Number of protein chains: 2
Amino acid sequence: MDYKELMEKRRAIRDYEDRDVPLDVVREIINDSIKAPNAGNRQIWSFIIVNSKARMKELSDLNKKTVLAGIEANPNSPMKVYEPMLRNDDYNVFYNAPCLVYIVGPAKAATLAPDCALLAAYFMLAATERGLGTCWVAQGGFIRDPEILKELGLPEGYQLVAPIILGYPKTIPPMPERNAPKILKVLS
Amino acid sequence: MDYKELMEKRRAIRDYEDRDVPLDVVREIINDSIKAPNAGNRQIWSFIIVNSKARMKELSDLNKKTVLAGIEANPNSPMKVYEPMLRNDDYNVFYNAPCLVYIVGPAKAATLAPDCALLAAYFMLAATERGLGTCWVAQGGFIRDPEILKELGLPEGYQLVAPIILGYPKTIPPMPERNAPKILKVLS
């Protein structure tokens, strides 16, 4: 697909068809995404694939519990705005998508956040090219229980950086308005 | 350009033709890059364009001084490996590229690093589509002098996140080998 078209079609999708994503397709998308630029080509990223709505529902419930506990401990939490949503039992942080990929890496790596985000951009474009929708769901990264993290295969000292849901979109919404870019200075 | 071709052609370029990048082209690339996904569509990014080799040489010298001072203060610095290069007067951290774009944002924003990196991925692809080469030069972000930061137009409380050089590549090197992606677990 042409890049311009791809950029327009890559939207945050929160409404998915009830249709599984074949594991091979997930692997293809990952294979494309590792072409992303990254610091010193060290490729510090790894992946966890959760390809089951039932598992994702369990993870969603755990995430909600952790975020709500954080809000209770700190009433000034920036997550406070999400409280009513999080208290709704029907709310699934993964929007009932059929698949979830965690981009993870060593917590101490200085370039962890940018490297995983560069990869995430490639991942979301590569998914769009295959007719899939994605959404980076920050609320899906709040798993703290060591047992669950072990079950997810997360190595000691690693961090869940980018939880990205994946599935066939019911519809592709139009691109929301962007602000004109703020160019603070041009030095010539 | 087709996305697959674009991903292959997007390489870290460190050798540029002696040819300016028209400011309009830089603006076009920025206009594409703001289509990147970002937390809550808050678009916390801003831009500084340095479209002058002479200015970039001054900035390179300042960066080298700061990084070297850091290495002297901390002999275990991860930048230590770059010391011989940094002590070479001919070494320009911006590889004599004709143009530099700083992606910047509010230092306190929780999603600053990922949002700017998502944008950077789009920026580098949009540049590639126009026949330009780029490289994210982390060493170009070590400006600490408040006077210089003011001259760059950086608002109080803002941070230089991604310094990306831009220019017409002399050659496009082949994609360096990628490791097979580490898929830690598949939960189905």
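**View 1. The contact between chain A and chain B.** The contact draws on 54 residues from chain A and 54 residues from chain B, two residues being in contact if their C-beta atoms, placed from the backbone, lie within 7 Å. The model is predicted: local features need pLDDT of at least 70 and side-chain atom pairs count only at pLDDT 80 or more, whereas totals for chains, interfaces and linings use all residues. Residues are numbered from 1 along each chain as its sequence is written, and chains are lettered from A and ligands numbered from 1 in the order in which they are written.

**View 2. The side of chain A that touches chain B.** Two or more residues each are given to this side by helix H1 (3-9), helix H2 (23-33), strand E1 (46-50), helix H5 (112-129) and strand E5 (183-187) of chain A; helices (H or I, at least four residues) and strands (E, at least two) are DSSP runs, numbered from the N terminus. H5(A) supplies the largest share, 10 residues. By class, this side has 37 nonpolar, 9 polar and 8 charged residues, where Ala, Val, Leu, Ile, Met, Phe, Trp, Tyr, Cys and Pro count as nonpolar, Asp, Glu, Lys and Arg as charged, and the others, Gly among them, as polar.

**View 3. Relation of the two copies.**

View 4. The open sheet of 5 strands runs in the order E5(A)-E1(B)-E2(B)-E4(B)-E3(B), with mixed pairing; strands pair if DSSP finds at least two bridges between them. E5(A) and E3(B) (133-136) stand at the edges, each with a single partner strand, so one side of each is left without a neighbour in the sheet. E5(A) pairs with E1(B) (residues 46-50) in the parallel sense over 4 bridges, and Ile183(A) stands opposite Phe47(B). E3(B) pairs with E4(B) (residues 158-167) in the antiparallel sense over 4 bridges, with Gly133(B) opposite Gly167(B).

**View 5. Surroundings of Ala120(A).** Not counting residues up to four places away in sequence, Ala120(A) touches Ile103(A), Trp136(A), Ala162(A), Ile164(A) and Leu118(B).
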